[in-house]
Amino acid sequence: MEAATYRPGSAELPEIAREYRAAWVATVANIDWPSKMGLTTSEQKAELIQILDKAADLRLNVVIFQVRPACDALYASKIEPWSEYLTGTAGKAPLPFYDPLAFAVEEAHKRGLELHAWFNPYRARHSSAKSPVSAGHVSKLRPQLVREYGSQLWLDPGEKAVQDYSLSVVMDVVNRYDVDGIHFDDYFYPYKERAPGGGELDFPDEASWKRFGAASGMNREDWRRENVNQFIERVYRAIKDAKPWVKFGLSPFGIWRPGYPSQIRGLDAYSQLYADSRKWITKGWCDYFAPQLYWAIDPPQQSYPALLKWWTEQNPTRRHVVPGLDATKVPRRWKPDEVLSQIQLTRQQPGSAGHVHWNMRSLMRNPELSSRLKRQVYSQPALTPPLDWVRQGRPAKPRPTATVAHGRVSLSWQGGEAGTVHWVVQTREGKLWRTRMIPGVKRSCDFEGAPEIIGLTAIDRFGNSSAAAILQLKR
């Protein structure tokens, strides 16, 4: 073994697996993290590390981390106050001080995970809030933008200044943090709340309707939808102008309208939330589109495969369709087989590009589900698909060297651009190929044995891959 060496060679490498394997980490009401308000800085960090370790162990590749539940911040912001879900007091920074978003980005990247910052664009105070509203909150500083709606406070999407305000919050994070994505979920205009005497409350936007809507030439419902449409497009274009590699992901309610496709019944998000989500994907105003398909495979009125197929057919710009799966139903309502089968169906559906688990807590608290995911559907690592519509081109081919000593191979390499985020190491022993993903910050790795072929590929921030560098074992 000591006389063995590696020299440049040639080989046909297996195709690198490409799919989104993502999970949401919700901070609102302490759903996923931190587990409760008032934990110490070290306890918060330890819990977040545990989440990221689990994501890496499962071979996920994206963590969608909620940083703005309700016009508050789980990061150091000069625009909005600290979230109460950290310390228990709105406006109070962690002590000893740290920045949870900066910490999450750094630790995710160490593990080869993308970190997407998840914002609620309009909610201003959640019904779970306990502490008094901070003096630095938008409802105190700019009350003309905020409406009281049922048990919550809400920014009025009809106010032009609201668009500017929420866009400034998003772009502050894009510009100051090394995030890989920006993410919105399904809250646009709010889900309907009930009036005390019964019936639904209408959203209180009379003032903005009179100032902006009445002269628009649209009816009120179309005007509300257009307010959201304009904002979605502005966010997408602003992100691409600033950092074109940062992905913009949208995760609307999984049914666009009842009857699409024909057997589907359920909430009409188009008329209830004023979310014309089909328009967003047909216009290409996002990089990945994650409709929340939180229903089982078999029931026809909310059929997972029927909805998935329909959404993939609404995608002329070929964005990445990555349905949301409801892991919280395991084991309470579903067996693990339901989620595993949904993943397999998603892989078989032309036009789909992966999936997102709701939520990370469910994966961590359900050992049977997580072990079967790792063993049966995530046995090999995967990269997210490339952003073909943003940038063409390939990173430079790396220049590897390998040494063999005491039954171990030490692989190191040079090259790679500043934007390299992953190295893919593929090795062959006999007929068996193995794949390892190495975070872009590293330039070496070791492994047992002496494979006949070693392939090394660089992956840039757009998901583009370099030509593979091949080393061949010579004895």
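Author: Two terms before we start. Strands here are DSSP runs of E, at least two residues long, numbered from the N terminus. Two strands pair if DSSP finds at least two bridges between them. This is a predicted model, where local features need pLDDT of at least 70, side-chain atom pairs count only at pLDDT 80 or more, and totals for chains, interfaces and linings use all residues. Residues are numbered from 1 along each chain as its sequence is written, and side-chain values use heavy atoms, with hydrogens and water left out.

Reader: OK. How many bridges join β14 to β15?

Author: Seven, and the two strands run antiparallel. β15 covers residues 408-414. Within it, Leu 411 stands opposite Ala 402.

Reader: What is the strand order in that open sheet?

Author: β14-β15-β18, with antiparallel pairing. β14 (399-405) and β18 (444-448) are the edge strands, each pairing on one side only.

Reader: What holds strands of a sheet together in general?

Author: They pair through backbone hydrogen bonds, either parallel or antiparallel.

Reader: Switching to β7. Which strands does β7 pair with?

Author: β5 (residues 123-125) pairs with β7 over two bridges, antiparallel.

Reader: Which residues are the bridge partners in β7 of Arg 123 and Glu 148?

Author: Trp 154 for Arg 123. Leu 153 for Glu 148.

Reader: And the faces of β7, what covers the picture there?

Author: Both faces are covered. Gln 152 and Trp 154 on one side, and Leu 153 and Leu 155 on the other, are all buried, meaning under 20% relative accessible area with a 1.4 Å probe, protein chains only.

Reader: What about Gly 150?

Author: Gly 150 takes a positive phi near 60 degrees in the β6 and β7 hairpin, which has two residues between the strands.

Note on methods: Helices (H or I, at least four residues) and strands (E, at least two) are DSSP runs, numbered from the N terminus. Buried means under 20% relative accessible area, exposed over 50%, partly exposed in between (1.4 Å probe, protein chains only).
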